Amino acid sequence: MPHFFFNKKVILLLVGMVFLVALISFSLRDRTNATLPEQIIKDTVGVAQSLVAKPANYINGIFNNIDSLLNTYEENKRLKARLEDFAVVQAEATDLKSENTKLRELLNKSESLKAFNPIHATVIARNPDQWEEKIILDKGSSHGVEKNMAVMTAKGLVGKIILVTPFTSEVELLYTNNPNYRVSAMVLGEKEAYGLIEGFDEERNELIMKRIDSSLTVKEGEQVVSSGLGGIFPKGVPIGEITEVSTDDFGLTKMAYVKPSADFSILEHVVIAKRTSTVVDGSDGNATNEDLSNPQKKASEEEAE
């Protein structure tokens, strides 16, 4: 009996193998239509795969979206950081460009000061008590700065040194109401007219030029420069432009309002005109009240003496 069942299993195994080979051979044939069992099996497997694939794809899409959102967040942080760095670099570049332009203008101005040794200085502070009248520079007596030296920017005259320490100096600006502060100036018109910058009109925000010879013609728009008389302020440094001409209180001489060439609200780098020659005492120096507005008249008086 056992031998019979063993042979039966062998026979069933052989039949099964033959059937399987037959099915494989049948399925490998070049067919255009599936058989009914194949259709049933394929449809069943397809439905099962669809039921499993849809939720899996949906969950996979959620994880992909979360990953993309996290990547976008990190990329946004990096871009913001780079944008902030770029803004800082751009601000520094703009500042350096502006400073470079100002220094070049000062360098050109230095070349025009033939009779003076220019000393470049930086404004480090303004006088807290008189914000608009005085500034502090980072150069002092150890750098060769002395009292009464002229101070200017590339655009024009600014003021003069009134106090010196070893490493700093104080500048009194042109638009001061100090009654003893005078600057000998001349108008570059058809005929040069001399006068003195005396005082500042706060309402007009302009300088006042007085003691202009009434016989001379002075017009609006004409340029006012330093005359060089007195030996403190170099000759030909721009002071401003005439905006209005009138007569003084006594009607004997003319006076003019002068819009300053230099921008006093933005003073960063300046040039100190270090004298190389002896200073001539004059009304724009130590306030001796000598009238230097008419050098021809002064020379005639000296010859008469």
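# Exercises on a predicted protein model

Among contacts in the protein with a separation of 6 or more, 58% join residues 24 or more positions apart, a contact being heavy atoms within 4.5 Å. The model is predicted, so local features need pLDDT of at least 70 and side-chain atom pairs count only at pLDDT 80 or more, while totals for chains, interfaces and linings use all residues. Residues are numbered from 1 along each chain as its sequence is written, and side-chain values use heavy atoms, with hydrogens and water left out.

## Exercise 1. The protein as a whole

Task: State how many helices and strands there are in the protein, and what share of its residues count as buried.

Solution. Step one: the protein has three helices and 12 strands. Helices (H or I, at least four residues) and strands (E, at least two) are DSSP runs, numbered from the N terminus. Step two: 32% of the 305 residues count as buried. Buried means under 20% relative accessible area, exposed over 50%, and partly exposed in between (1.4 Å probe, protein chains only). Step three: the protein exposes about 19600 Å², of which carbon and sulfur atoms supply 57%. Accessible areas come from the Shrake-Rupley method with a 1.4 Å probe, and for residues only the protein chains shown count as cover.

## Exercise 2. The surroundings of serine 169

Task: Determine whether serine 169 is buried or exposed, and what surrounds it.

Solution. Step one: serine 169 is found in strand 5, residues 169–173. Step two: its relative accessible area is 2%, so serine 169 is buried. Step three: apart from neighbours within four places in sequence, serine 169 is in contact with Ile135, Ile136, Leu137, Lys139, Val145, Ile161, Leu163 and Val164. Step four: a polar atom of the serine 169 side chain lies 2.7 Å from the backbone oxygen of lysine 139.

## Exercise 3. Positive phi values

Task: Describe the phi values of asparagine 205 and arginine 211, and the place of each residue.

Solution. Step one: most residues other than glycine have a negative phi. Step two: phi of asparagine 205 is near 60 degrees, a positive value in a residue other than glycine. Asparagine 205 lies in the loop between strand 7 and strand 8 (206–213) and counts as exposed, because its relative accessibility is 52%. Step three: phi of arginine 211 is near 60 degrees, again a positive value in a residue other than glycine. Arginine 211 has its place in strand 8 and counts as partly exposed at 28% relative accessibility. Step four: glutamate 206 forms a salt bridge with arginine 204, with the closest N and O atoms 3.1 Å apart. At 9% relative accessibility glutamate 206 counts as buried, whereas arginine 204, at 32%, counts as partly exposed.

## Exercise 4. A nonpolar surface patch

Task: Name the residues that make the nonpolar surface patch of about 640 Å².

Solution. Step one: patches are made of residues with over 30% relative accessible area and no salt bridge; like charges are joined within 9 Å, and nonpolar side chains (Val, Leu, Ile, Met, Phe, Trp, Tyr) within 5 Å. Step two: the patch is made by Tyr58, Ile59, Ile62, Phe63, Ile66 and Leu70. Step three: isoleucine 59 is found in helix 2, residues 36–112, and counts as partly exposed at 45% relative accessibility.

Conventions:
A polar contact is a pair of N or O atoms within 3.5 Å; within protein, one must be able to donate a hydrogen and the other to accept it, and residues adjacent in sequence count only if both atoms are side-chain atoms. A salt bridge is a side-chain nitrogen of Lys or Arg within 4 Å of a carboxyl oxygen of Asp or Glu.
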